[in-house]
Amino acid sequence: MMTHPLPGGQPGVCTVCGSCEFSYHDVLWQGLIDEWELSAEEAAYIDVQQGFTCTSCGANLRAMTLAKGICGSQGWPGKLKDWLSTESAHRMQLLEINDAFTLGRHWRGLPGYRFVQYPEVDMRWLPFQDSTFDLVVHSDALEHVEQPVVALKECHRVLKPGGTLAFTVPVIIGRLNRTRQGLPASYHGRPGDHLEDHRVETEFGADVWTTVLEAGFSNCKLLTLVYPASIAVVAEKE
Ligand SMILES: [Zn+2]
C-alpha cells in the first residue's frame, strides 16, 4: 500500500481499473530539478504525478487523471475500463499519439483505434484527413514538440466536430509557460538518457490553457484528481 503523503490527499480508487492499491516511487533526479528550476514543493508534486501508481493496472497519477478526463468527456461516471466495453466506445474513432502511458493497453482492441508515434509521425503533421476522429489522446508528449500550438491545431483538424482532445503535460502551477529555446537542453525519461524525443521544448505553467485556445479550440477544461500534482486538459471541437 502507498505510504507517501500526497499533497491534497489521494484518489480512493484507480479511475482506470477501480483498484484501491497504490505504490509510490520518486521519479525526478537532481539534474532535471535544477534545469527545470523546481522548488522542493514543485518537485514533490511532479514526483507524485509520475510515481504514484496503481499496483493493479500500472497507471500512474497522470494516466488516472487523463482517464477521468476522457470518461468525463463521454458522460461516463465510472472507470475507463468499463467505458471501453460500452457500445459507444466501440463505435469511436480514437487516435493515440505517442503512447499515453499504460492507457493504450486498455483501448488497443477497439475497432476504431489508431496509434502514431514520433519520429515516424510528428504531431504537427498528422497523416489523417480532416474530421476523422472522435477522440484524440496524448500524455506528456506536447512538452517535447516544437511549436505546441501547431501540434494542437493538427489535433483540432483531425477531430470531428463534437470530438474531444484529452491530454496531459506536466504543469507547474506557480509560473507561466516557458519555452526552453535558448536554454541548455533538458530531457525527461531517465537520468543520462538524453533521447531526442524526450528533449523538453516547453515547460507548461498556469496558462497552459492558452495553448489550447490559440490552437483554435473554443473551450478548455482543466481537471484534477490530486491538486496540484495532476492536471488533465480536455477540449471539445465545436
Ligand atoms: Zn488501476
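What follows covers the metal site and then the pockets.

Mentor: This is a predicted model: local features need pLDDT of at least 70, side-chain atom pairs count only at pLDDT 80 or more, and totals for chains, interfaces and linings use all residues. Residues are numbered from 1 along each chain as its sequence is written, and side-chain values use heavy atoms, with hydrogens and water left out.

Trainee: Which residues coordinate the zinc ion?
Mentor: Cys14, Cys17, Cys54 and Cys57 do, each through SG, at 2.3 Å. Donors are N, O and S atoms within 2.8 Å of the metal (3.2 Å for Na, K and Ca); water is not among the atoms, so sites may look incomplete.

Trainee: Why is the arrangement tetrahedral?
Mentor: Because the four donor atoms subtend angles of 102 to 115 degrees around the zinc ion. Four donors count as tetrahedral if all angles lie between 85 and 135 degrees.

Trainee: How are the donor residues spaced in sequence?
Mentor: The pattern is C-x2-C-x36-C-x2-C. Cys14 lies in the segment before strand E1 (22-24) and Cys57 in the loop between strand E2 (52-54) and helix H3 (61-73), so this pair ties together parts 43 residues apart in sequence. Helices (H or I, at least four residues) and strands (E, at least two) are DSSP runs, numbered from the N terminus.

Trainee: Is Cys14 buried or exposed?
Mentor: Cys14 is buried, at 1% relative accessible area, and Cys57 is buried at 5%. Buried means under 20% relative accessible area (1.4 Å probe, protein chains only).

Trainee: New topic. How much space lies in the largest pocket?
Mentor: About 930 Å³. A pocket is an open set of points on a 1 Å grid over the protein atoms alone, where a 1.4 Å probe fits, with protein on both sides within 12 Å along at least five of seven lines; lining residues have an atom within 4 Å of a point. The volume is the space filled by probe spheres set on the points.

Conventions:
Tetrahedral: all angles 85-135°; square planar, octahedral: opposite > 155°, others 65-115°. Buried < 20%, exposed > 50% of the residue type's maximum accessible area, 1.4 Å probe, protein only.
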